[in-house]
Amino acid sequence: EYKNLHTMGSILAFDKPTIGYLIKGKGEFLYKGNKYVAKEGDLIYIAKDTKYYSLWQGEPEIEFYSMRLKYTDPYAFYDYRFQIVENFPKEYMDDIYNNKEFKAMSALYLMLDKLYPKMKKTTQNTPSVKISDAIKYIEENWKAEIKIEDLAKLCHISKSSLFQLFKKAAKVSPVEYKHNIMIQNALYMLEHTDFSIEEISEKTGFSSSNYFRTVFKKITGKTPKEIRT
């Protein structure tokens with residue numbers, strides 16, 4: 001439980017699947033280059049190897065369940081990647097937390113039996129395959145200046161085709177994808193380092209601290225100063 005504002009997550013990959021369930025408040029998740037929003041009653045599935053950062057906001061309470069599946073084979077459900085399952089029945093989570101030992105384990109299996117049929121498996125559709133080199137390049141070079149024509153050359157397609165396919169596969173433009181990764185890393189630095197906002201702006205590749213603040217506010221709804229305090 002938290003009040004008003006809470007950040008969490010890691011730029012490091014999780015070694016086991018983790019489940020969150022939002023009871024009160026709202027959660028925004030930056031995962032790779034995309035932003036996902038969870039509301040009350042939503043379940044958040046964080047797969048193995050997921051690198052994400054999250055911003056939780058409450059009026060004033062933030063309350064959620066968090067459960068790390070330590071006992072499972074981390075690759076058993078590898079086709080299920082990060083996703084939000086809307087309106088998942090809260091009673092399944094309550095039964096896990098309100099019982100002990102074997103009863104809790106039984107409740108956990110009942111919850112998983114209910115959960116996995118509602119989840120989507122990751123599939124490689126045609127648009128994402130065609131622009132996969134562009135996505136990989138942005139993820140590996142997010143601090144650098146990236147030009148659309150260079151991404152198009154990597155994928156052997158025209159600039160217009162790249163933009164269209166990228167938007168279809170990632171739900172955001174290449175620039176927005178890059179900005180989300182930059183802000184994800186900025187959130188981590190704000191919480192885990194003593195770097196000034198100007199230093200974080202520079203280290204995450206923004207041309208100026210004012211531009212950094214503008215993009216940060218647009219993506220998170222908060223200023224860097226509000227996150228740090």
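Select Q57 and show its contacts: N4, L5, G25, K26, E28, I62, T220 and K222, leaving aside residues up to four places away in sequence. Keep in mind that this is a predicted model. Now colour strand 6, residues 52–68; Q57 sits in this strand. Is Q57 buried or exposed? Its relative accessible area is 18%. Buried means under 20%, so Q57 is buried.

Next stop: a pair of helices. Two packed helices are described by the angle between their axes and the distance between the axes. Select helix 1 (residues 90–98) and helix 2 (residues 101–115). Their axes come within 8 Å and cross at roughly 160°. Angles over 145 degrees count as roughly antiparallel, so helix 1 and helix 2 are roughly antiparallel to each other. Their crossing is left-handed. Show side chains at the contact. Helix 1 brings Y92, M93, D95 and I96, and helix 2 brings A104, A107, L108, L110, M111 and K114. Sorted by class, the contact of helix 1 with helix 2 has eight nonpolar, two charged and no polar residues.

Move on to the second pair. Select helix 4 (residues 132–140) and helix 5 (residues 148–155). Which way do they lie to each other? The axes of helix 4 and helix 5 cross at roughly 130° and come within 8 Å. Helix 4 and helix 5 are therefore oblique to each other. The crossing of this pair is right-handed. Display D133, A134, Y137 and I138 in helix 4; they meet L151, L154 and C155 in helix 5. The contact of helix 4 with helix 5 has six nonpolar residues, one charged and no polar.

How values were computed:
Residues numbered from 1 in each chain as written. Predicted model: local features only at pLDDT ≥ 70, side-chain atom pairs only at ≥ 80, totals over all residues. Heavy atoms only, no water. Helix = DSSP H or I, 4+ residues; strand = E, 2+ residues; numbered from the N terminus. Buried < 20%, exposed > 50% of the residue type's maximum accessible area, 1.4 Å probe, protein only. Contact = heavy atoms within 4.5 Å. Axes fitted to C-alpha atoms, helices over the stretch in contact; angles between N-to-C directions. Parallel < 35°, antiparallel > 145°, perpendicular 65-115°, else oblique. Left-handed = near helix turned anticlockwise from the far one by under 90°. Nonpolar A, V, L, I, M, F, W, Y, C, P; charged D, E, K, R; others polar.
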